[in-house]
Amino acid sequence: MENNDINNEILRLYDLSNKVAVVTGAAGQLGGEYVRTLLGAGASVAAFDVWLDNPKSRLKDIKSEKLISFEVDVTDKNSVKQGLEAVCSRFGDPNILINNAAIDAPPNAGEHDTGPFETYPESSWEVMMNVNLKGTFLCCQVVGGHMAKTGGGSIINISSIYGVLSPDQRIYEYKEKPFFKPVAYSVSKSGVLNLTRYLATYWAEQNVRVNTLTLGGVFNNQDETFLRNYSSKVPLGRMAKQDEYNGAILFLASDASSYMTGANLLMDGGFSCW
Ligand SMILES: NC(=O)c1ccc[n+]([C@@H]2O[C@H](COP(=O)([O-])OP(=O)(O)OC[C@H]3O[C@@H](n4cnc5c(N)ncnc54)[C@H](O)[C@@H]3O)[C@@H](O)[C@H]2O)c1
């Protein structure tokens, strides 16, 4: 076999031409990266977000006939169904779904969501579980269910190191007001891991692969003390750059991962080794 043939064979593994992808939370910091990655590999992409005007959004900078954006609230089944119908009529049946939409309490979040566990508000629990876990469930049910009927595909559920490990609350001890990474974020992101395993077995015969991609923290102009505290827990010594998960997205979305289902691909700079 010639070198060129080997190159082509390997590159074909990552080719997403003729694929149709749905990315939820596409107007956020990482969603825009995933959209660019999928378009770059040849897919048509439907960007779902409840807040398309998110100032972080880079969707408006992408000029491509293969990209469409829809206002979809992942917590509302009818909204997800309408999004799916729009994708099918514009591009055809989806075969890639990235469940990326979520809410979190970043280091600059309000006190309401970041107080001690003993007084953590039920309303905050409900809102976070609703978007992060029920939203992932509903998108799997509606979009994944459609994939199962129409030939299969790849679902990537996004989790966090805080869904695998407890947050180390000492990272935040420097703050003037007590700050705790909220319990609902951790629990919702843990739920994603077993939703993935459940569906990987449930849909294996329908050729729907379901995997989790678990991320470590991403640099987003956090304050210096936070950056120092967090980075001291990472063997690679820093937070992720926002484009550093794109390779994993391409791997999981494409035939490069054809024998992988029910797995958790953990990319955290080594955070979970210590
Ligand atoms: N950024 C990090 O450090 C980090 C670390 C670990 C895991 N993650 C995970 O990566 C994913 C993306 O994170 P990000 O930093 O890009 O977040 P982000 O806040 O920048 O983007 C999230 C997007 O989801 C959208 N969204 C919220 N509720 C929605 C709903 N009901 N329906 C549809 N869309 C909704 C928001 O409008 C926003 O555009 C999340 O699942 C997050 O938990 C992020």
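**Exercise 1.** Determine where the ligand sits.

*Solution.* The ligand sits in the largest pocket. A pocket is an open set of points on a 1 Å grid over the protein atoms alone, with protein on both sides within 12 Å along at least five of seven lines; a molecule sits in it if more than half of its atoms lie within 2 Å of its grid points. The model is predicted: local features need pLDDT of at least 70 and side-chain atom pairs pLDDT 80 or more, while totals for chains, interfaces and linings use all residues. Numbering runs from 1 along each chain as its sequence is written, and side-chain values use heavy atoms, without hydrogens and water.

**Exercise 2.** Describe the shell around the ligand.

*Solution.* First, 27 residues surround the ligand, each with a heavy atom within 4 Å of it. The closest are Leu30, Asp49, Lys56, Tyr185 and Lys189. Next, the shell divides into 13 nonpolar (Tyr and Cys included), 10 polar (Gly included) and four charged residues (Asp, Glu, Lys and Arg). Finally, strand S5 (153-160) gives the largest share, three residues.

**Exercise 3.** Identify the polar contacts (N or O pairs within 3.5 Å) of ligand oxygen atoms.

*Solution.* A ligand oxygen lies 2.6 Å from a side-chain N or O atom of tyrosine 185. For the side chain of asparagine 54, the distance from an oxygen of the ligand is 3.0 Å. At glutamine 29, a polar backbone atom is 2.8 Å from a ligand oxygen. The protein covers 87% of the 840 Å² of accessible area (Shrake-Rupley, 1.4 Å probe) that the ligand has on its own.

How values were computed:
Polar contact = N/O pair within 3.5 Å; in protein donor to acceptor, adjacent residues only side chain to side chain. 1 Å grid on protein atoms, 1.4 Å probe; cavity = no way out; pocket = protein on both sides within 12 Å on 5 of 7 lines; lining within 4 Å. Helix = DSSP H or I, 4+ residues; strand = E, 2+ residues; numbered from the N terminus.
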